[in-house]
Protein chains: 2
Amino acid sequence: MTAQASFNPKAFRDALSTFTTGVTIITTRAADGSPIGITANSFNSVSLNPPLVLWSLAKSAYSLDAFSCTKHWNVHVLSVEQEALSGRFASRGEDKFAGIELDRGINDIPLLHNCTARFQCRTAFMYEGGDHVIFVGEVLGFDKSHLPPLAFQSGQYALTARKPREGVRLSQIEQVAPECSYTEDLLGYLAGRAHYQLVAFLRTLLQNHKLDEHAFFVLSVLSIQDNLTLEQINHFVAYTGREVTLSMLLFLQKQGYIVADEQSGQQRFVLTGEGREVSLEHVALAKAVEEEVTEKLGSGDTQALKFLLKRLIQATDPGLPDLWATEGPAMNDYQQV
Amino acid sequence: MTAQASFNPKAFRDALSTFTTGVTIITTRAADGSPIGITANSFNSVSLNPPLVLWSLAKSAYSLDAFSCTKHWNVHVLSVEQEALSGRFASRGEDKFAGIELDRGINDIPLLHNCTARFQCRTAFMYEGGDHVIFVGEVLGFDKSHLPPLAFQSGQYALTARKPREGVRLSQIEQVAPECSYTEDLLGYLAGRAHYQLVAFLRTLLQNHKLDEHAFFVLSVLSIQDNLTLEQINHFVAYTGREVTLSMLLFLQKQGYIVADEQSGQQRFVLTGEGREVSLEHVALAKAVEEEVTEKLGSGDTQALKFLLKRLIQATDPGLPDLWATEGPAMNDYQQV
């Protein structure tokens, strides 16, 4: 903890923003009936009985008049899918509601779709709050979906990973091992075990197709980037640390999954219809496994996991070629990674 | 979105709790000088100039008198390490401050250690808020650490995964592929690539020790559970889908990493000093790689990733034996997973 900070506005904002919040859009109508909406993260619950919530609005805000006059406003707790909407309502724009379909609520205050929760409110109190006005609203109606909510922390949008009350520990043994030894908390162990446990679900299907994990990678690569040389295939799977050999490709050819195509003196490999079918069957199974995982973890937590894996991959990427780029890697890109 | 919900208190609480918050402990002193502290997530910022924050306290709370009289209170935004402290201050207890060291602040209001941020406040306003009182405080001093903050959502503690503004995409190509095909968003692909990219950092060291990834697993297992039979070793590494053979163990023996020990007709394998050293060297490198990753992702996001990987592993665990249990798996546990 740093010592008592001097009181500068930026440092104060930085300290405040460490408090995680959700993100809301709060809507009302101006006196002339035009829809008003702003993004706010100053929302919070106040009272259960009577049902009250609050939020704060800058006294300098263009929408202060509307919120002061109308007395009715709706709070929308945004879902992870609504990040773009949050940005739209956070900026000053003429046409925030353009193209947005609205639901019918208790009154004609704009009610947005696809939120995590919504609260239809009437101003109960307006309180002095320095450069802001604190609006306390009585909740007249509310609803809730199962969409995971968007969060905000230190000036960035965030996803959340909920912690089950019982905690998450793989081993039943308290690992009081010395700093230098191997524990279940090692990132590399966790990534490896997660990978192998997911692959295990594919194993029976792989065996039925007489494929090992490595051959499966080759088919996967060819299902995205067809018509590749052995060298190009190896470039794409080099990150697994295992080399694809010509004899493996010939074995896949013998099984009818791929064919070799002689082009200007180079052998290029192409998936057969059967090869494509087998590859799609594996992808379909992988997706089914992912759906099961999503059901157990919740869709918000699964999204957070995938998002963090992508960040881990970016942080450790040795410069792998882009498998989804429409052209294969240029020949001068060929350094072994 | 469900239709307009009927107004029952539980449904209302559930809807409110979808709004993510941080977790704070707010402290003061009673008239008799005894320290008071409660856990609250109703905190939020109000105003920058003057610097104001707010939170709500139930009118029924035991501590209402103290907060009403003293006018001074400190808000502690809790870090992820302070979940237990949050629980302690959320329950009614005589001795919440027992054994807790306090910092010296502007006045003698208890100031806790190891928080993400702290705000030392004086009551500016107390407002009516239904079954709660809204405390608005002027911030007299604040500070901030680099500890990642604890979050709370839908009645559970949570970790956060921040979303960089630029987004996270592995391929430069927009993947508008049909539902059935292979995209960078497939959990199995992400787990596999993360695993292999992490292993890649160990590869040079493995090669120097004439080990492949599989042999490294064997040494790792023996570094935790020594004195195992071939069958037991295989039981622990079965999840990788590859079988350890006697000839691999003999190769490791020849290299001086393990020795076989004949016990009541069974060959059991034990790490040599050199084997232990090599294993520790690899773990040390894995930890160094993890530290680099943590620097890039931030410690909060790295913790969230590890936590979610553990949840994924639990969700997909085929019933693997506990590698860290003091006894090897009982012989009747021997079903191939």
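1. Start with Phe119(A): its bridge partner in β10(A) is Phe142(A). The two strands involved are β9 (residues 117-129) and β10 (residues 132-144) of chain A, which run antiparallel and are joined by twelve bridges. Two strands are said to pair if DSSP finds at least two bridges between them. Helices (H or I, at least four residues) and strands (E, at least two) are DSSP runs, numbered from the N terminus. Please keep in mind that this is a predicted model, in which local features need pLDDT of at least 70, side-chain atom pairs count only at pLDDT 80 or more, and totals for chains, interfaces and linings use all residues. To find your way around, note that residues are numbered from 1 along each chain as its sequence is written, while chains are lettered from A and ligands numbered from 1 in the order in which they are written.

2. Now look at the sheet around that pair. In chain A, seven strands form an open sheet in the order β3-β2-β6-β9-β10-β5-β4, with antiparallel pairing. Which strands are at the edge? They are β3 (35-40) and β4 (44-47) of chain A, each of which pairs on one side only. On average, neighbouring strands of this sheet are turned by 35° against each other, direction ignored. Angles here run from 0 to 180 degrees between N-to-C directions, and axes are lines fitted to C-alpha atoms, for helices over the stretch in contact.

3. Two helices pack on this sheet, and they come from both chains. Helix α3 (residues 83-90) of chain A touches β2 (24-29) and β3 of chain A, and its direction makes about 110° with that of β3(A). From chain B, helix α1 (residues 9-16) touches β4, β9 and β10 of chain A, with its direction at about 120° to that of β10(A).

4. That brings us to how the chains meet. In total, 121 residues of chain A are in contact with 122 residues of chain B; residues are in contact if their C-beta atoms, placed from the backbone, lie within 7 Å. Helix α10 (residues 299-316) of chain A gives the largest share of the side of chain A that touches chain B, with 14 residues. By class, that side has 63 nonpolar, 36 polar and 22 charged residues. Ala, Val, Leu, Ile, Met, Phe, Trp, Tyr, Cys and Pro count as nonpolar, Asp, Glu, Lys and Arg as charged, and the others, Gly among them, as polar.

5. Strands cross the chain boundary too. Strand β12 (residues 156-162) of chain A runs antiparallel to strand β10 (residues 156-162) of chain B, and five bridges join them. Here Ala161(A) has Leu159(B) as its bridge partner in β10(B).

6. How are the copies related? A rotation of 180° with 0.0 Å of shift along its axis superposes chain A on chain B, with an RMSD of 0.1 Å. The two copies are thus related as by a two-fold rotation axis. The superposition is by least squares on the C-alpha atoms of residues with pLDDT of at least 70 in both. The copies meet through the same surface, because 100% of the interface residues of chain A are also interface residues in chain B.

7. Next, two helix pairs in chain B. Helices α9 (residues 273-297) and α10 (residues 299-316) of chain B pack at an angle of about 120°, with their axes 6 Å apart. That makes α9(B) oblique to α10(B). Helices α6 (residues 213-224) and α7 (residues 230-237) of chain B pack at about 105°, with axes 10 Å apart, and are therefore roughly perpendicular to each other. For these words, angles under 35 degrees count as roughly parallel, over 145 as roughly antiparallel, 65 to 115 as roughly perpendicular and the rest as oblique. The contact of α6(B) with α7(B) has six nonpolar, no polar and no charged residues.

8. Ala260(B) stands opposite Phe269(B), and Asp261(B) has Arg268(B) as its bridge partner. Two residues lie between the strands, and Ser264(B) takes a positive phi near 40° in this hairpin.

9. Finally, some backbone details. The peptide bond from Asn49(A) to Pro50(A) is cis, with omega near 0°, and Pro50(A) is found in the loop between β4 and β5 (52-58) of chain A. In chain B, a cis peptide bond joins Asn49(B) and Pro50(B). Asn114(A) has a positive phi of about 60° although it is not a glycine.
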